[in-house]
Amino acid sequence: MVDQTALKRISKPFQEAYGRPLSLDAAYAFDAVAVAAGIVHSKGDQALTADALHAISGFAGATGVFRFDAQGRVERRFAVYRLAHGKPSLLDAAPMGF
């Protein structure tokens, strides 16, 4: 499951800004924009290249840690949860990196 702790970091600001709960699709969109903005912010607009997006170390986002492989597919590190009383209960936290 997508890291629920990471999602919580943006769920309240999202709710306040848009007047609705954060969806998983919105969190993925947030991560896409944050990756591009982070690269440009730290290295300049000329640094937004395929090589930068394929960084082996990956990225930490609202959906947890992820990276892109050479074909552009996303590889993610997930947390393991058990559903208890209708709510996810963390069994094993998602790794912090690759």
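**Exercise 1. List the buried residues of H2 and say what covers them.**

Solution. The model is predicted; local features need pLDDT of at least 70, side-chain atom pairs count only at pLDDT 80 or more, and totals for chains, interfaces and linings use all residues. Residues are numbered from 1 along each chain as its sequence is written, and side-chain values use heavy atoms, with hydrogens and water left out.

Step 1. Helices (H or I, at least four residues) and strands (E, at least two) are DSSP runs, numbered from the N terminus. Buried means under 20% relative accessible area, exposed over 50%, and partly exposed in between (1.4 Å probe, protein chains only).

Step 2. Pick out the residues. Ala26, Ala27, Asp31, Val35 and Ile39 are the buried residues of H2.

Step 3. Find the cover. It includes H1, helix H3 (50–53), strand S1 (59–61) and strand S2 (64–68).

**Exercise 2. Which residues make up the largest nonpolar core?**

Solution. Step 1. A nonpolar core is a set of buried Ala, Val, Leu, Ile, Met, Phe, Trp, Tyr and Cys residues joined through side-chain atoms within 4.5 Å.

Step 1. The largest one has eight residues: Val2, Leu7, Ile10, Phe14, Leu22, Ala26, Ala27 and Ala62.

Step 2. Assign the suppliers. H1 and helix H2 (24–43) each give at least two residues of this core. H1 provides the largest share, three residues.

Step 3. Take Leu7 and set aside neighbours within four places in sequence. Leu7 is then in contact (heavy atoms within 4.5 Å) with Val2, Leu22, Ala27, Ala62 and Thr63.

Step 4. Look for another core. A second, separate core has six residues, including Val35, Ile39, Ala47 and Phe66.

**Exercise 3. How many aromatic pairs does the structure hold, and how are the rings of Phe14 and Tyr18 arranged?**

Solution. Step 1. Rings of Phe, Tyr and Trp (its six-membered ring) pair if their centres lie within 6.5 Å; planes under 30 degrees apart count as stacked, over 60 as edge-to-face and the rest as tilted.

Step 1. The structure holds four aromatic pairs. In one, Phe14 and Tyr18 have ring centres 4.7 Å apart and planes at 40°, so the pair is tilted.

Step 2. Phe14 and Tyr18 are four residues apart in helix H1 (residues 4–18), about one helical turn. Phe14 is buried at 14% relative accessibility, whereas Tyr18 is exposed at 59%.

Step 3. Turn to Phe59 and Phe66. Their ring centres are 5.8 Å apart and their planes at 40°, so this pair is tilted. Phe59 and Phe66 are both buried. Ring pairs link Phe59, Phe66 and Phe68 into a cluster.

**Exercise 4. Describe the pairing of S4 and S5.**

Solution. Step 1. Two strands pair if DSSP finds at least two bridges between them.

Step 1. Strand S4 (residues 80–84) and strand S5 (residues 87–92) pair in the antiparallel sense, over five bridges. Leu83 has Pro88 in S5 as its bridge partner.

Step 2. Check the turn. The hairpin has two residues between the strands, and His85 takes a positive phi near 55°.
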